[in-house]
Amino acid sequence: MTWLLVLAGGMVGAPMRYLTDRAVQARHDTIFPWGTLTVNVVDCLILGVVAGATIHGAAPASGQALVGTDFCGALTTYSTFSYETLRLAETGSRFLAAANVIASVVASLGAGFIGAAVVGAVWA
């Protein structure tokens, strides 16, 4: 039964990634990949909430399989992040490439910790 939850999560996460990326990127007239950054940071926040809820017993393990494993796995796109960063560097936008790496890593880790900390503060 877990595989059905994982399948369902992926069926929702992948289209949400595409639609969110396109919606965010359409609002910015720049080569910086704001859409991918947004998707990855939001995904880490959701994953932090799910991990915190599972650790504190507020969510069942099946919820972690549905949301944490495949919804977040399908929503996040670190392969696109790598591709876009390399593309920025190859086209001479090395500052934007470095900013993309630093912003993505710092904001994603921060969002994950914030999500887990908020759940821990509520349920602990």
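**Rings, site and surface**

A: Start with F81. This is a predicted model, and in it F81 is buried, with a relative accessible area of 13%.

Q: Buried by what cut-off?
A: Buried means under 20% relative accessible area. F81 is at 13%, so it counts as buried.

Q: How many aromatic pairs are there in the structure?
A: The structure holds two aromatic pairs. One of them joins Y78 and F81.

Q: What's the geometry of the Y78 and F81 rings?
A: Edge-to-face. The ring centres are 5.9 Å apart, and the planes sit at 75 degrees.

Q: Why does 75 degrees make the pair edge-to-face?
A: Because planes over 60 degrees apart count as edge-to-face. The Y78 and F81 planes are at 75 degrees.

Q: Where do Y78 and F81 lie?
A: Both are in helix α4, which covers residues 78–90. They are three residues apart, about one turn of the helix.

Q: And Y78, how does its accessibility come out?
A: Y78 counts as partly exposed, at 33% relative accessibility.

Q: OK, T76. Where does it lie?
A: In the loop between α3 and α4.

Q: Is T76 buried or exposed?
A: Buried, with a relative accessible area of 16%.

Q: What is T76 in contact with, leaving aside neighbours within four places in sequence?
A: R17, V39, N40 and D43.

Q: Now G73. Which helix?
A: G73 is in helix α3, residues 61–75. G73 is partly exposed, with a relative accessible area of 43%.

Q: What separation do you get between G73 and A117?
A: Their C-alpha atoms are separated by 21 Å. Along the chain, G73 and A117 are 44 residues apart.

Q: Last topic, the surface. Which residues form the nonpolar patch?
A: M1, W3, L4, L7, M11, V12 and M16. Together they have about 780 Å² of accessible area.

Q: Pick M11. Where is its place?
A: M11 is in helix α1, residues 2–26.

Q: How exposed is M11?
A: M11 has a relative accessible area of 58%. Exposed means over 50%, so M11 is in that class.

How values were computed. Residues numbered from 1 in each chain as written. Predicted model: local features only at pLDDT ≥ 70, side-chain atom pairs only at ≥ 80, totals over all residues. Heavy atoms only, no water. Patch = residues over 30% accessible without salt bridge, like charges linked within 9 Å, V, L, I, M, F, W, Y side chains within 5 Å. Areas by Shrake-Rupley, 256 points an atom, 1.4 Å probe, with all protein chains shown as cover. Salt bridge = Lys/Arg side-chain N within 4 Å of Asp/Glu carboxyl O. Helix = DSSP H or I, 4+ residues; strand = E, 2+ residues; numbered from the N terminus. Buried < 20%, exposed > 50% of the residue type's maximum accessible area, 1.4 Å probe, protein only. Phe/Tyr/Trp six-rings, centres within 6.5 Å; stacked < 30°, edge-to-face > 60°. Contact = heavy atoms within 4.5 Å.
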